[in-house]
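Welcome! Here is a short briefing to read alongside the sequence and the 3D view.

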Amino acid sequence: MIIGVGIDVAEIDRFEEALRRTPAMADRLFLRSELFLPSGERRGIASLAARFAAKEAVAKSLGAPAGLLWTDCEVYVEDSGRPRLRVTGTVASAARERGVRSWHISLSHDAGVASAMVVAEG
């Protein structure tokens, strides 16, 4: 059963400018594992914008409840390259209340726009 669907887009240049204006914003939005590749190199801005869009899409799939923490939703990639979600704390609690048992996620970025779609399944 589908509990909710969320989709979001982020203009990559605008997202980059926001991070440049407010450097601390990156730490409020992302976990270290999202900011850096396994090699230790900083993740590219298009990839970060897609992850931000995914976090927005997660909130929308849950009905956008107040009080969700950005870092309670982690976007990671399996060895196969498939993106996945790991939720904890406030996001896990909201998902549990709504009966979410699994997540499906798709990320994309092209032509200056990053996008994400999330399906919350019960």
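Which residue forms a salt bridge with Asp 8? The partner is Lys 60, with the closest N and O atoms 2.8 Å apart. This is a predicted model, where local features need pLDDT of at least 70 and side-chain atom pairs count only at pLDDT 80 or more, while totals for chains, interfaces and linings use all residues. Residues are numbered from 1 along each chain as its sequence is written, and side-chain values use heavy atoms, leaving out hydrogens and water.

**Salt bridges**

- The structure holds 6 salt bridges, a salt bridge being a side-chain nitrogen of Lys or Arg within 4 Å of a carboxyl oxygen of Asp or Glu.
- Lys 60 in helix H4 (residues 45-61) and Asp 8 in strand E1 are 52 residues apart, so this pair links distant parts of the chain; helices (H or I, at least four residues) and strands (E, at least two) are DSSP runs, numbered from the N terminus.
- Asp 8 is buried, with a relative accessible area of 13%, whereas Lys 60 is partly exposed at 40%; buried means under 20%, exposed over 50% and partly exposed in between, with a 1.4 Å probe and protein chains only.
- Arg 20 and Glu 17 meet in a salt bridge too (3.3 Å, N to O), and both lie in helix H1, 3 residues apart, about one turn of the helix.
- Arg 20 is exposed at 53% relative accessibility, while Glu 17 is partly exposed at 32%.

**The open sheet**

- An open sheet of 3 strands has the order E1-E5-E4, with antiparallel pairing; two strands pair if DSSP finds at least two bridges between them.
- Strands E1 (2-11) and E4 (102-110) stand at the edges with a single partner strand each, so one side of each has no neighbour in the sheet.
- E1 is joined by 9 bridges to strand E5 (residues 113-121), and Gly 6 stands opposite Val 118 in E5.
- Helix H1 (residues 12-21) packs on the sheet, touching E1, E4 and E5; contact means heavy atoms within 4.5 Å.

**The hairpin**

- Strand E2 (residues 73-77) and strand E3 (residues 83-87) run antiparallel, joined by 5 bridges.
- Val 77 stands opposite Pro 83 in E3.
- The hairpin has 5 residues between its strands, and Gly 81 takes a positive phi near 100 degrees.
- Arg 84 and Glu 78 meet in a salt bridge (3.5 Å, N to O).

Methods:
Axes fitted to C-alpha atoms, helices over the stretch in contact; angles between N-to-C directions.
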